[in-house]
Structure formats: C-alpha cells, structure tokens
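Please keep the structure open while reading.

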Amino acid sequence: MRLTKIAVVASLPLAGAMAVAPSTGASAASDFLAVPTYSSTLVGPGHATMYPVDVSDNSQYYFALDAGNYRIVAVNRTTGNIDCQIGGLQGNGPGQFGDARALEYDSANNELYVADTPNSRVEVFSFSNAACAKNSATAFKFLSQFGSKGTGNEQFNQVYGVAVDPVNGWVYSVDGAGRVEKSDLSGTYISSFGQGTLDEPRQVTVAPNSDVLVMNARDHQCDVYTSSGAFLFSFGSLGTGNGQFTTDPRGVAVSQNGNLVFITDAGGKRIEAFKLQSSAGNYTGAAFAYTIASGTGAGQYVGPRGLTTTSNNHLLLTDEWGFSLHELTFTPTGATPTRNLFGTQPPLPGVDSPRGVQVAANGQVYIVDYWNMRVEYMNPDGSGAQSFGFRGNPSQNGAINFAWSAAIQPGTGDVFVANRENDQVAVFSPTGTPIYIFGKLGSANGDFHFPQGIAFDPTDGSLLVDDSGNDRIERFTMSAGDTTTTWDASYGQKGTGKTAPAGDLNNPTGIAVAPNGTIWVADTVNNRVQSMSPTGVWTVISTPVGTGHQPSFKVPWGVTVAPDGSIWVSDTGNNRIVSMDTAGNLIFSATAASMGIPAVPDDSVIYPFAVAFSGDTVYLSDIWNNRVVTLTTH
C-alpha cells in the first residue's frame with residue numbers, strides 16, 4: 001500500500017492529515033504468525049483481603065465497599081467477620097459494579113445506595129440482617145438503579161458520592177462534572193447545586209440537621225450547603241497544618257449528635273476533626289478540633305478513604321491500600337483506636353486487573369499490576385517473582401498510582417511507567433529503584449492528564465506517551481541516565497466518533513512503534529486504531545478487512561507491533577485478539593475458545609489489554625479475569 005505523504009511541523013499538533021482506507025490485497029497468511037494457542041497461565045489472581053473505599057453501617061453490620069474486588073461485604077460488628085456479600089465480578093449489569101467509590105445505608109428503609117462510579121449510576125439494594133447472618137444469597141437484593149452517562153437531569157459524568165437523608169426521603173449524588181444532584185429515594189430528579197464552585201467533588205454526607213457537606217477535593221476544602229442547595233460556607237485549605245489538607249481530601253462523616261465532622265486527608269494519611277457551629281438550624285462554621293494521626297503496624301494509614309460514624313461514637317475508616325478497616329472510638333477532644341480489621345496484602349505472584357505487559361532483553365516479564373499499585377517482574381516460567389511500587393503521593397519516589405502501562409528502555413532496561421492517576425511518568429531501574437519522575441497535570445507541552453500508553457521509538461530512542469486526557473501523543477528525549485527529559489513534539493488532537501478525521505483521538509490507550517518509526521495507537525473511545533507514518537500521515541482502521549462479516553473494533557485497549565511486522569490489537573470490547581497487516585487486512589481474529597484459553601468461574605471469555613512477544617511466546621494480560629496467560633505461535 002502506498003501512502004500519500006504530507007509535511008508536518010513536529011512541534012505542533014497535526015491537523016488535516018489524510019485518512020487512508022485499507023487495501024484489500026492482504027499478504028499471504030503464511031507470511032505471518034499463526035493463531036496462538038494457550039500454553040499456560042503465567043500468573044493468576046492475587047487479591048488483598050479487601051480494597052475498601054467507603055463504609056456505612058446499621059446496628060449489626062458494617063457495610064464495606066470493596067472496590068478492588070467489585071463487591072460489598074457485610075462485616076459483623078461483633079465478630080469482625082464477613083457474613084455475606086454481593087458482587088465480585090466487574091460489570092455493569094444489575095448487582096455488578098465497576099470501580100465504585102461510595103455507599104450509604106438508609107436505616108429507615110433497610111436499603112443500601114451505591115455510587116457505581118464508572119457506570120454513572122446509583123444502584124439500590126435491600127438488605128436483611130437475618131439472611132446475612134445465615135450467609136444467604138438473598139441478604140442483598142438488587143431493587144433498582146438510576147442515572148446514566150450525560151449532562152442532563154439524573155445523568156452523571158461518573159458518580160463519586162452518595163448520601164441519604166432518611167428524614168426527608170432525599171438522595172444526594174455527586175456528579176464528577178462538578179455538581180450534586182438531589183433526587184427522591186426512587187431516583188427521580190429534584191434539583192442540583194454546586195455548579196461552578198465544585199472542582200472534582202468526591203464524597204458527600206447529610207448531617208442530622210439536613211445540611212449537606214461535600215468534599216471539594218481539588219479546592220482542598222469541604223463545602224456546606226442547605227438541603228435546598230444554598231451555599232453556606234467552606235472550611236479547610238491546602239497545607240499540612242491543623243485543619244488543612246495535604247492533598248486529595250476524600251471522605252466526610254458527621255457525628256450522630258451533629259457536633260463533629262471527620263474528614264480524611266488522604267495525602268497526609270490522617271483524619272482531621274472539626275467542631276461544627278450552628279445557628280437557626282443550619283451550620284455557620286467549623287473550627288479545627290483535633291487530628292487523628294496514622295498509627296504503626298496494623299494501625300498505619302496507607303490510603304485512607306471513606307469513613308462513617310455510629311450511634312455509639314465509633315468511627316470507621318476505610319484504608320484502600322492498607323487493605324483494612326480501622327475502628328476507633330471518639331470524644332469531642334480525641335479518638336482512640338480499638339480494632340484493625342483485615343489488612344492482608346496481595347500475594348506475590350498474583351495480579352488484580354493487570355494491564356501493561358513487557359518482556360525485557362533478559363527474558364523477564366514485567367506486568368503492570370493495576371489494582372495492587374505495583375509492577376511485578378518474573379522469569380519466563382513465572383518463577384522468581386518480585387515487585388516494586390506502592391500507593392503514594394504524587395512525586396513521591398516509588399509511588400505507583402493506578403498505572404496503565406510500562407515501557408522498557410532498550411539498552412538500559414530501565415522501566416518507564418505511565419503513572420496515570422499521578423499525571424506523571426515514573427522511571428525505575430530494572431529492579432525497581434526509583435530514578436526520576438516527570439510531568440504534571442495540565443495541557444501545556446510536557447504536561448499530562450491521565451497518561452496511559454507508553455513506548456520507545458526504536459529509530460532514535462525517544463519516548464512516546466499517550467496523554468489520554470488531552471487526546472494527544474507526546475514525544476520526549478531522555479538524557480543519559482534518565483535523569484532529565486526534553487519535550488520534543490505533540491501529535492493528534494481531540495475528535496470524537498468513528499468517522500472523526502484521521503489524527504483526531506479520543507482517550508488513546510495502547511501505543512507501539514514499528515521499526516521504521518510508524519506510530520500505532522489504540523484510539524480507544526473512538527473504537528478504532530490509527531497509525532502515523534514518520535512523515536506525519538495518519539491512517540484510520542476501524543474494521544479489519546477480511547472475508548465474511550468482520551466486526552468493527554470495540555473499545556480497543558492495546559496495540560502491538562509483532563516481530564513479523566503485523567499489528568496485533570487487543571480488541572477488548574469484542575473479547576478477542578486481532579492480527580492484521582499494516583493496511584488493515586485481517587490475518588486472524590482469535591477468541592479464548594479458538595486459542596484454547598481455559599475459562600474461569602463464571603466467565604468463558606477474555607478481556608485483553610496488552611500482548612508482548614518473546615520469540616514464539618506471547619504474553620497476554622486478561623484484565624477482568626485477573627491473569628496473564630502464556631501463548632505460543634507455533
């Protein structure tokens with residue numbers, strides 16, 4: 001296939017590049033790698049006891065939202081044991097969850113409201129103490145849901161918090177777009193507030209006087225409103241002092257008597273307590289009361305998130321990356337730890353929602369273990385597993401926060417991690433020693449917003465990063481020793497839909513570079529794959545060309561250049577691997593069944609994120625089945 005060439009200026013986003021349709025003259029199948037077949041499972045599931053992000057309660061149970069295991073567990077308040085649960089599989093069906101972030105128990109109606117964050121909805125469940133005590137599957141029953149993706153009434157751009165006012169029969173749901181929506185208990189929209197003042201709001205709670213407290217995370221404060229949505233005041237600020245938040249305040253809970261409010265300072269790994277002041281039925285201010293500092297050992301706070309108070313003055317704190325629930329008693333002047341529940345770390349080897357996978361020159365396999373906030377590396381047979389990384393603050397050496405992929409630098413073997421939530425790239429030695437961190441949240445040259453894909457250009461050694469939130473690809477040159485970086489160029493711009501012009505991107509994820517410098521990118525939300533030639537010509541491939549009906553790509557997350565020059569696409573939404581030539585002609589489409597990959601309980605398909613090659617061996621990360629499998633191409 002011959003591409004029409006155009007000149008581009010490397011330092012500027014490309015615009016107006018040509019979309020070139022695939023040719024129909026595919027090379028002979030014998031020229032390419034065959035459909036791979038299953039050989040073994042390199043590494044399987046590795047879960048902590050739980051990854052709790054929020055908690056609510058009734059008289060008998062603590063309800064913990066275990067985001068990393070996509071479930072809600074009912075923890076017996078007397079024994080500390082899990083008596084029953086619902087969920088356990090990632091999904092968007094009734095009773096399933098994505099990365100859900102908040103829940104609230106409605107004591108008046110014995111119902112549980114869950115903010116199913118990525119699915120932009122609130123799910124409602126009934127709950128029975130008696131059935132849970134018997135570990136019955138009927139303890140939780142799905143009742144209904146409300147909300148959808150969008151900007152209208154009863155729509156959300158991801159829902160981050162939920163709170164119930166049982167006295168008035170209202171539900172408050174936090175829209176990630178920067179507002180709070182108020183509805184009745186069935187989800188019928190009433191009103192919204194906070195537009196223009198809330199910056200990435202997170203959790204919400206209703207005080208006994210019906211005032212509403214919302215965590216305004218990026219403004220590092222708590223905003224207080226009346227039940228009708230009228231703004232009252234804010235408290236808190238950025239800092240490390242008393243009554244301040246280091247970064248990212250998340251959880252909020254008011255004592256049952258309405259006098260104290262507790263807020264998790266996630267960045268400071270502590271809880272800040274404030275005394276609430278009121279007049280004429282509403283709060284008028286909040287004065288710092290005391291700090292609940294992290295303990296040691298099992299009482300250490302690693303990733304404090306949501307919290308709740310009980311009628312007997314207990315405070316429950318969820319610690320997502322301490323994998324535990326911390327129970328304390330509190331008074332107006334201080335708090336005392338009483339119990340630390342759970343807390344078992346994920347095993348090694350073992351993965352939870354694995355994403356990127358790479359093979360080093362020495363044959364070792366590197367896996368981005370997404371939920372466990374680490375990179376694992378091991379021998380080709382899975383032996384000798386080690387890991388590096390931990391949940392930490394942005395710019396903290398060694399911190400890995402919801403990373404999506406990694407690239408191994410030719411020659412040095414240094415590991416470059418697309419540290420998505422930190423809006424940074426973190427550089428490590430092959431054994432995990434931190435070397436360098438670069439990037440920050442923004443849209444200027446060299447800034448990132450959710451970097452997801454990362455790869456090296458073999459022609460000049462430069463680094464390419466999918467700056468997914470800014471819908472572009474950025475190129476960098478690394479210094480000797482990987483201690484400084486120089487921004488070189490940006491490619492692409494925002495564009496939505498399968499018919500958007502070539503070079504328009506919508507949340508690009510996977511990226512790979514061919515030996516001749518052609519860049520391949522998974523244009524994920526546009527449901528297509530694109531390439532950019534060394535001269536700047538963009539080519540769009542939405543549907544591989546082949547005999548019979550060929551499905552279009554659906555949420556492709558990964559793209560890889562195989563050793564034979566073919567392009568392998570992790571077509572995640574279609575549960576398959578697609579191999580095609582550079583013109584888009586289909587070589588094969590492979591599913592779990594056709595490759596002989598064994599099913600897991602309750603699931604017979606694969607959810608591919610990335611593939612990596614080592615001779616005739618292919619490593620495939622299967623996200624929601626929590627495994628990396630080994631395939632062979634002969």
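How much space lies in the largest cavity? It holds about 70 Å³. The model is a predicted one. Three cavities of 30 Å³ or more are found in the structure.

**Largest cavity**
- The lining consists of Val53, Arg101, Tyr160, Arg202, Gln203, Arg250, Arg305 and Gly306.
- Two elements give two or more residues each to this lining: strand E14 (201-206) and strand E22 (304-309).
- By class, the lining residues of the largest cavity are four charged, two polar and two nonpolar.

**Arg202, a lining residue**
- Arg202 lines the largest cavity, and its place is in strand E14.
- Is Arg202 buried or exposed? Its relative accessible area is 10%, under the 20% limit, so Arg202 counts as buried.
- The Arg202 side chain makes a polar contact with the side chain of Glu200, at 3.4 Å.

**Second largest cavity**
- This cavity contains about 40 Å³ of space.
- Its lining is made up of Phe146, Glu154, Phe156, Ser173, Glu181, Lys182, Ser183, Gly187 and Tyr189.
- Which strand gives the largest share of that lining? Strand E12 (residues 179-184) does, with three residues.
- The lining of the second largest cavity splits into three charged, three polar and three nonpolar residues.

**Second largest pocket**
- The volume of the second largest pocket is about 1,000 Å³.
- Its lining counts 47 residues. Nearest the centre of the pocket lie Gln358, Val359, Ala407, Ile408 and Phe456.
- Several strands each supply at least two lining residues, among them strand E26 (354-359), strand E30 (405-408) and strand E34 (451-456). Strand E40 (511-513), strand E44 (558-561) and strand E48 (608-614) also supply at least two each.
- The lining of this pocket has 30 nonpolar residues, 16 polar residues and one charged residue.

**The E14-E17 sheet**
- Strand E14, which holds Arg202, also belongs to an open sheet of four strands.
- The strand order is E14-E15-E16-E17, and the pairing is antiparallel.
- How many bridges join strand E16 (residues 221-225) to E17? Four bridges do, and the two strands run antiparallel.
- Val224 stands opposite Phe233 in E17.

**Ser228, in the loop of the E16-E17 pair**
- Ser228 sits in the loop between E16 and E17.
- Its relative accessibility is 57%, over the 50% limit, so Ser228 counts as exposed.
- The side chain of Ser228 makes a polar contact with the side chain of Thr226, at 2.9 Å.

**Points to keep in view**
- Arg202 is buried, whereas Ser228 is exposed.
- The lining of the largest cavity includes four charged residues; the lining of the second largest pocket includes one.

Methods. Residues numbered from 1 in each chain as written. Predicted model: local features only at pLDDT ≥ 70, side-chain atom pairs only at ≥ 80, totals over all residues. Heavy atoms only, no water. 1 Å grid on protein atoms, 1.4 Å probe; cavity = no way out; pocket = protein on both sides within 12 Å on 5 of 7 lines; lining within 4 Å. Points joined across faces, edges and corners; volume = space filled by probe spheres on them. Nonpolar A, V, L, I, M, F, W, Y, C, P; charged D, E, K, R; others polar. Pairing = 2+ DSSP bridges. Buried < 20%, exposed > 50% of the residue type's maximum accessible area, 1.4 Å probe, protein only. Polar contact = N/O pair within 3.5 Å; in protein donor to acceptor, adjacent residues only side chain to side chain.
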